[in-house]
Amino acid sequence: MNSTFQKNIDAFKTRFNWNDEAVEALRKTPFDFAHMPSIRNSAVGLPNIYYGQGESELSVFDERNPYADIQSALKSFEGKEISHVISLGLNFGFLTEEVLNQNTDLKRIVIVEPSGAFFLEQLEVIDLSAQIANEKVSFIIGNSVPDSVGLLAPHFQIASADMKEWGVALLPNALQLYGEFSKEFIAQFGNLMYFQKLNANTATVFGTKFLKNYLENVTHLPESNYVSQIAGKFDGERCVIISAGPSLEKQLPLLKDIQNKIVLISVGAALPTLHAHDIHPHFVVLIDPVELNINDFSSGKFTREILISSLVGNSSVVANFQGKKFFTQYSQSFDEAANNPFGKMCFMDSAGSVANCAYAFAKIIGMKTIAFVGQDLAYTGGVSHALGHQQREDKTTEDMEKDAGMKKVAGYHGDTVYTTIAMDVFKAWFEARFAADKDITVLNCTEGGAMIKGAIQQPFQSLADEVSALPDINISAHLDIPSVQIPSVKSLFQKDLADINSVTKILSASLSSFNQVKKNDQDQKAITKAIKMLTGFKDYLTKVEKSSAPHITYIMTRALLNLSKENISESDSSLEVLNKLKPHLTDLRSGCETYSTLLLEVLETLRQKPMTNL
């Protein structure tokens, strides 16, 4: 073991508490290179990575001018406030060093090295101990693509206050060196970031609806149940998840034949199609806050359907639904928070799609064979959804080719089909979960749309033949559970109202002190008071966050994130700083006032409609 290697390993042991066993485990991490790489010095005396054979041999860096490749890899960062960077491959730390040099405000650079053995080999030739010790540098070594992306996710949260812009430091020949890993990694990471952006936009656009639905749905809890109460109750059973893709239409006769033989879990958007053919699922999943869902639930033909709803699902649908209701939390952190007043409901993980949530629900209740129909995740034959769907579209091939929001993906039948970026994110979520859920058999019986890796493609007729001779499913036997016991929601809301009113009061005082500074920016006393008020507001907000239900700070998220990301220069005057902060505080005050109004409306409803446990 040479001294350079030992110095690097000692740095890892110091920072990450590595031991010798961890190093050996990395050395044995398999990776299937198409061409095994080797390391040797280039013509300019720097180590380089070579791969390929004979005249086709390539090097990761230009042999005579590696710096030109480094500069090219970082060219896309120019003029941007880059805070987070990914480097695919250790690449001797050359890229990392330059990223750190050029971006003094960098918060995080994550090195993703697929091969543990090759990572250690690079540590033998160059001293990277300073980089290893640098708290801004993190490492993901020797993991599969889904695992690598999963480990990256906590580092790359676009909602995080320290996230400005992110970038990927890519060397074309390094991408080729890692082959399929590179392609899949970039695709899955892109989907992850798109999903985060989708969530952030959803919270921005539907934030008020989320809060309104949450407040109104809580009033139904005493007469409803939690999904946590039926976790594992269907252990070993089989189910069919019904989505509203265009291929659903061909499966309707079989669904009708077997609807009493196997558990049916439907998305709300498929209900108009199902009810039109006298098909009644056992469970219907609702997660969306928007009014569009009301029409999906308006057929009036419900017989046995049970509603599985997020607490922020459309409250009109929840209020008018006549059957059993089971609720889940909209936030995992809220569900697990020590100050959660409702107890654990369950959180259904998803990519933002109700079908993804339906799969999460099926897992929670213990299903071991999960089949899909209508899960096209693409425009099958140019059609987006089944007949009866409110947003059904029919596009020509020419239209789809010209649509920048669409892309080609592998099809179910070995063909290629067009899908949207959003649906491709949903598909990537499924593929990652199917790969991880080793104890679940997933059958894709859609017979159309996109091919979903990890699912067994099987004609729906085969599954129907298997279950047709079975006795009818007795759902009620699995649902013999007591009512939930919850605390006084009225007193909880009254505390929330007091917290919100206190925040609003302090915000108003802060804004008033800002106005005094604006009148006279030379008034040092006014400036001192404004800064003191802002500091006091921050301290109070921290206190509220620790003592109140998490949804209190949820309404403040966007304004506070914008506040923390505001670009404030050392050369800015006090007035300039306050002017940059004021719009965000005004926005926050507006949010508090909106929420306060909603709380008062719900409290009035509770006074008019006394309910058990409330």
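User: Why does Phe-372 count as buried?

Analyst: In this predicted model, Phe-372 has a relative accessibility of 2%, and since buried means under 20% relative accessible area, Phe-372 counts as buried.

User: What makes the rings of Tyr-359 and Phe-372 a stacked pair rather than an edge-to-face one?

Analyst: Their centres lie 6.2 Å apart, which is inside the limit of 6.5 Å for a ring pair, and their planes stand at 25 degrees; because planes under 30 degrees apart count as stacked, the pair is stacked. The pair links distant parts of the chain, with Tyr-359 in helix α15 (residues 354-364) and Phe-372 in strand β14, 13 residues apart. Tyr-359, at 0% relative accessibility, also counts as buried.

User: Which residues do ring pairs link into a cluster?

Analyst: The cluster is made up of Phe-31, Phe-33, Phe-118, Phe-156, Trp-166, Tyr-178, Phe-181, Phe-185 and Phe-189.

User: How do you know that Ser-87 is buried, and what does its side chain reach?

Analyst: Ser-87 has a relative accessible area of 0%, and because buried means under 20%, the residue is buried. Leaving aside neighbours within four places in sequence, Ser-87 is in contact with Leu-95, Val-110, Ile-111, Val-112 and Ala-169.

User: What is noted about the phi of Leu-377 and of Glu-447?

Analyst: Most residues other than glycine have a negative phi. Leu-377, although it is not a glycine, has a positive phi of about 50 degrees, and Glu-447, again not a glycine, has a positive phi of about 60 degrees. Leu-377 is placed in the loop between β14 and α16 (397-402), whereas Glu-447 is found in the loop between β17 (441-444) and β18 (456-457).

User: Why is Leu-377 called buried, and why is Glu-447 called partly exposed?

Analyst: Leu-377 has a relative accessible area of 8%, which is under the 20% cut-off, and therefore Leu-377 is buried. Glu-447 has a relative accessible area of 22%; because partly exposed covers what lies between the buried limit of 20% and the exposed limit of 50%, Glu-447 is partly exposed.

User: What makes Arg-40 count as lying over the face of Tyr-50?

Analyst: Arg-40 is at 3.8 Å from the ring centre of Tyr-50, and the distance part of the rule asks for a position within 6 Å; Arg-40 is accordingly described as lying over the face of that ring.

User: Which elements do the buried residues of α10 pack against?

Analyst: In helix α10 (residues 248-258), the buried residues are Leu-248, Gln-251, Leu-252, Leu-254, Leu-255 and Ile-258, and they pack against β9 (238-242), β10 (263-267), α11 (271-276), β14 (369-373) and α18 (460-467).

Technical notes. Residues are numbered from 1 along each chain as its sequence is written. This is a predicted model: local features need pLDDT of at least 70, side-chain atom pairs count only at pLDDT 80 or more; totals for chains, interfaces and linings use all residues. Side-chain values use heavy atoms; hydrogens and water are left out. Buried means under 20% relative accessible area, exposed over 50%, partly exposed in between (1.4 Å probe, protein chains only). Helices (H or I, at least four residues) and strands (E, at least two) are DSSP runs, numbered from the N terminus. Contact means heavy atoms within 4.5 Å. Rings of Phe, Tyr and Trp (its six-membered ring) pair if their centres lie within 6.5 Å; planes under 30 degrees apart count as stacked, over 60 as edge-to-face and the rest as tilted. A charge sits over a ring if NZ of Lys or CZ of Arg is within 6 Å of the ring centre and within 35 degrees of the ring normal.
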